[in-house]
Amino acid sequence: MTASGVSVKICGLSEAETAHVAAGAGARWLGFVHFAPSPRHLDLAAARALAPDLPPKGPERVGVFAGADTGTMAAFADILSLDWVQLHGAETPDDIAALRDRLGLKVMKAISVGGPADIAAAAAYVGAADMILFDAKPPKDSVLPGGNAVSFPWGLMRGHDSALPWLLAGGLTAATVSQALADSGANALDVSSGVETAPGVKSASKIRAFLMAAKAAKQGA
Ligand SMILES: O=C(O)c1ccccc1N[C@@H]1O[C@H](COP(=O)(O)O)[C@@H](O)[C@H]1O
């Protein structure tokens with residue numbers, strides 16, 4: 001959705017139909033979660049079944065991982081022709097630089113934001129990651145490092161000046177896009193729960209509404 005000035009990642013896709021809706025409505029990235037505890041988990045067999053029916057490249061494909069080994073990431077990258085890996089583990093900048101070389105893919109490093117120090121920590125990834133994804137800290141009882149439909153105060157991002165491009169994530173919906181963009185100054189957004197009717201069930205109409213709201217908010221800015 002770069003024409004409108006905001007780039008959107010629709011994450012947690014597991015069906016061809018909603019992947020086509022996201023691509024057709026202007027998503028820049030399509031995200032696939034490979035993390036067994038997630039209701040959005042796509043395992044190897046499901047990835048193999050889905051791959052031939054995905055929309056052609058245009059939108060880039062992102063594999064989302066938390067603590068997976070390099071071989072597992074390479075296997076999903078091969079099946080889904082991933083362009084990016086999104087990492088929610090405890091990877092250091094050195095780990096990420098090495099992984100980027102081994103996989104030959106771009107890396108989005110997820111950082112959980114509880115306060116300004118977490119945002120400042122992103123500077124360590126310059127030269128290692130290609131992009132930072134700022135999401136809220138997971139609730140204490142959650143088994144998921146992301147995809148929890150929880151936001152952090154978007155104003156914490158205001159004025160964030162980084163050599164690395166970044167996405168805002170966490171609890172976004174079509175109804176909150178405008179405020180999130182205004183408060184954070186983001187140029188890129190990532191959404192999963194906010195375009196679902198139930199955990200793991202993507203909604204074509206919510207995907208379209210989210211992308212339209214993002215476009216309208218930037219055009220009105
Ligand atoms: O979505 C998941 O299940 C998930 C699992 C493991 C790591 C990351 C995950 N999701 C990421 O979190 C953001 C924000 O989600 P939400 O919009 O708050 O539901 C999502 O876009 C994914 O990148």
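This is a predicted model: local features need pLDDT of at least 70, side-chain atom pairs count only at pLDDT 80 or more; totals for chains, interfaces and linings use all residues.
1. Residues are numbered from 1 along each chain as its sequence is written. The pLDDT (the predictor's confidence in each residue, from 0 to 100) averages 95 over the protein chain. At least 70 is reached by 97% of the residues. The model scores are ipTM 0.97 and pTM 0.96.

2. Which residues come nearest to the ligand? They are Cys11, Ser38, Gly146, Gly147 and Ser193, out of 26 around it. A residue is near if its C-beta atom, placed from the backbone, lies within 6 Å of the molecule. Two strands, β2 (29-33) and β8 (188-191), each supply at least two residues of this shell.

3. Now the fold. The protein chain has seven helices and ten strands. These are DSSP runs, numbered from the N terminus: helices are H or I with at least four residues, strands E with at least two. Eight strands close into a barrel, in the order β1-β2-β3-β4-β5-β6-β7-β8, with parallel pairing. From one strand to the next, the twist averages 25°. Angles run from 0 to 180 degrees between N-to-C directions, with axes as lines fitted to C-alpha atoms.

4. Look at one pair. β2 runs parallel to β3 (residues 60-65), and five bridges join them. Strands pair if DSSP finds at least two bridges between them. Trp29 stands opposite Glu60 in β3.

5. Finally, the overall size. The C-alpha atoms of the protein chain fill a box of roughly 40 × 40 × 35 Å, taken along the principal axes.
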